[in-house]
Amino acid sequence: MDVYDYKELWPIIILGIAFFVVTVVVLYWSAKKGHLRNFDAQAKTIFTEEEPEGEVSDEFPPSRKSSRSLKDRK
Amino acid sequence: MSNESKVSSSSTSPYSSDSAAERAELSEIDASIRTASVFFVISAIGWLMIGTILALMAAFKAHQPDFLGAYEFLTFGRVRSAHLNAMALGWGSNINFAVGLWIMARLCRAKVDHKGVLFIAGIFWNIGLTVGVFGILRGDLTSVEWLEIPQYATPMLAVSYALIGVWGVMAFRFRKGNHVYVSQWYILAALFWFPWLYIVAQAMIIWFPARGVVQSLTNWWFAHNVLGLWFTPMALATAYYLIPKVLGRPIYSYYLSVLGFWALAIFYNWAGVHHLIGGPIPAWLISAGIVGSVMMVIPVIVVGLNHHMTVVGLHREVWRSPTLRFTVFGAISYTLVSLIGSAMALRSVNEVTHFTHFTVGHAHHGVYAFFTMIMFGGVYYMMPRLLKREWPSAGLIKIHFWGSAIGITIMVVALQAGGWIQGLQMNNAEIPFLQIVENTIPWLKARSVSGLFLTVGHIAFGINFFWMLFAAGAVRAKAEPTLLTKEGGAA
């Protein structure tokens with residue numbers, strides 16, 4: 001590719017660099033805001049009173065047969 | 001106040017604050033996003049079905065060229081492109097909107113305001129896509145892979161996406177508390193990356209076409225990144241939310257999860273160039289793409305290790321949860337497909353796999369075995385909480401899981417084994433090309449068989465979903481926040 005054709009690549013190279021720069025800026029922002037510290041506390045923020053830590057919150061639903069037999073027992 | 005204390009004080013118990021005004025109840029948040037999310041899931045399942053039918057047609061045509069050959073709109077080129085766009089923008093993007101925005105709302109503890117805007121934008125997204133896929137079948141498709149949708153349909157998609165994406169960004173902006181869980185990073189980044197990729201690719205290839213090889217470069221920058229910077233982050237966000245959430249155990253190392261995210265953000269953007277190895281572009285650019293691809297080993301190992309260590313000792317719970325069966329299958333696939341992808345970027349490997357079915361198998365490994373399986377898991381977790389109803393049939397969930405798992409395994413093995421042999425033979429000048437093509441037929445037939453398994457799985461999923469949605473009286477009500485009781489036994 002000669003020098004003239006090379007100019008055709010500039011838009012995508014510049015966009016790639018811009019992409020990288022934005023990522024680094026956001027990484028800096030997150031570090032400044034303290035998001036890269038105190039990892040243990042942040043890992044637990046997904047748990048709630050409704051869906052607490054230490055409880056499995058999903059299982060297969062009961063089969064319709066076992067649902068019926070449970071109802072009969074009641 | 002130090003930065004550290006800022007975060008910890010706001011993140012220790014935001015859900016259980018004494019102030020009712022500050023405390024965000026998950027059920028309230030779920031209720032606020034119910035209409036939009038259910039609409040997106042319905043749309044996604046609709047496109048999944050359409051995409052599956054188109055996929056079956058394309059798969060059969062690959063070894064039976066006369067199949068439906070008399071209809072112009074069902075020729076291979078059109079059906080295959082319609083399948084790709086129905087799956088990527090129809091199933092993939094709709095399910096990203098449904099699951100991604102729901103997780104974002106929950107983690108931001110933000111009830112959805114202006115939900116009508118989200119709903120209307122969703123309607124227009126699907127109208128735009130319908131016009132686009134119809135245009136492809138009509139013969140108006142562009143010749144650019146992953147961007148085949150005709151020019152007249154793309155503005156509606158762009159505007160609709162802007163309205164949907166802005167909602168996610170606003171939820172993040174007005175979140176309660178300062179903490180940002182790793183899933184929020186992934187979702188927020190994906191919401192920025194996708195329009196960036198789409199607009200640049202549309203502008204440089206379709207609207208104001210760059211010259212020659214730059215179009216190819218932009219094409220593969222887009223096509224590879226739409227997988228890595230749109231579908232991958234959304235699926236990883238979902239996995240990082242669901243695995244610890246369902247098991248009730250925090251992620252093994254939050255530090256590693258953050259490291260994985262930033263490594264993806266920094267390295268992935270360059271990876272797409274490896275599709276042009278051997279092409280007429282500067283060698284340094286291809287080398288940079290190869291370096292980016294190989295560097296992806298870091299986030300992949302990090303994510304794989306983190307997920308694995310989180311489930312260690314709880315495999316029984318994983319197997320008993322429909323959500324985690326799908327999600328963990330997807331998470332394991334992420335590790336495998338990504339490592340294979342990094343290897344494929346090496347020149348010595350690429351000279352065998354390039355222009356073969358190996359690449360097609362790799363694409364399905366990523367988009368289906370990884371992304372789609374995790375999103376199925378997301379739907380199994382999300383829907384009972386949105387509708388406050390139980391899934392009606394455990395049997396249909398199992399059919400769905402086994403249909404999908406067996407189907408995609410057959411497909412990936414067949415296409416990658418067949419593709420590798422095809423590549424070796426193509427590099428041997430003594431084997432006639434037509435013979436190589438004939439040698440691929442058994443592998444292509446195996447792909448069609450895999451498609452039948454997948455179809456059975458998707459039909460089971462669709463029946464279970466609409467049964468749950470419409471047969472309200474026949475479906476057991478959700479009584480507790482953790483809706484699934486133990487008396488029903490395991491899978």
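A residue is called buried if 20 or more other C-beta atoms lie within 10 Å of its own. The legends below describe a predicted model.

**View 1. Overall make-up of chain A.** By the definition above, 23% of the 74 residues in chain A are buried. Chain A has four helices and zero strands. Along the sequence, the pattern of chain A reads α-α-α-α.

**View 2. R37(A) in a loop of chain A.** The loop that holds R37(A) lies between α2 (10-32) and α3 (39-43) of chain A. R37(A) has 16 C-beta neighbours inside 10 Å and therefore counts as partly exposed. V22(A) is 15 residues apart from R37(A) along the chain, and the C-alpha atoms of these two residues are separated by 21 Å.

**View 3. Packing of helix α2 against helix α4 in chain B.** Helix α2 (residues 26-63) of chain B and helix α4 (residues 115-138) of chain B have axes that come within 9 Å and cross at roughly 10°. Angles under 35 degrees count as roughly parallel, so α2(B) and α4(B) are roughly parallel to each other. On the side of α2(B), the contact is made by S32(B), I33(B), T35(B), A36(B), F39(B), F40(B) and S43(B). On the side of α4(B), the residues are K115(B), L118(B), F119(B), G122(B) and N126(B). Sorted by class, this contact of α2(B) with α4(B) has six nonpolar, five polar and one charged residues.

**View 4. Packing of helix α6 against helix α8 in chain B.** The axes of helix α6 (residues 182-207) of chain B and helix α8 (residues 254-267) of chain B are 10 Å apart, and the helices pack at an angle of about 15°. This angle is why α6(B) and α8(B) are described as roughly parallel to each other. The crossing in which α6(B) passes α8(B) is left-handed. From α6(B), V182(B), W185(B), Y186(B) and A189(B) meet Y254(B), S257(B), V258(B), F261(B) and A265(B) of α8(B). The contact of α6(B) with α8(B) has eight nonpolar, one polar and no charged residues.

**View 5. Contact between the two assigned domains of chain B.** The domain assignment of chain B gives domain 1 (25-179) and domain 2 (238-483). Their C-alpha centres lie 19 Å apart. Domain 1 of chain B gives 20 residues to the contact, and domain 2 of chain B gives 21 residues. On the side of domain 1 that touches domain 2, the elements giving two or more residues are α2 and α3 (76-108) of chain B. The largest share of that side, 15 residues, comes from α2(B). By class, the residues on the side of domain 1 are 14 nonpolar, four polar and two charged.

Methods. Residues are numbered from 1 along each chain as its sequence is written. Chains are lettered from A and ligands numbered from 1 in the order in which they are written. This is a predicted model: local features need pLDDT of at least 70, side-chain atom pairs count only at pLDDT 80 or more; totals for chains, interfaces and linings use all residues. Axes are lines fitted to C-alpha atoms, for helices over the stretch in contact, and angles run from 0 to 180 degrees between N-to-C directions. Angles under 35 degrees count as roughly parallel, over 145 as roughly antiparallel, 65 to 115 as roughly perpendicular and the rest as oblique. A crossing is left-handed if the near helix is turned anticlockwise from the far one by less than a right angle, and right-handed if clockwise. Two residues are in contact if their C-beta atoms, placed from the backbone, lie within 7 Å. Ala, Val, Leu, Ile, Met, Phe, Trp, Tyr, Cys and Pro count as nonpolar, Asp, Glu, Lys and Arg as charged, and the others, Gly among them, as polar. A residue is buried if 20 or more other C-beta atoms lie within 10 Å of its own, exposed if 12 or fewer, and partly exposed in between; C-beta atoms are placed from the backbone. Domain bounds come from an automatic or database domain assignment.
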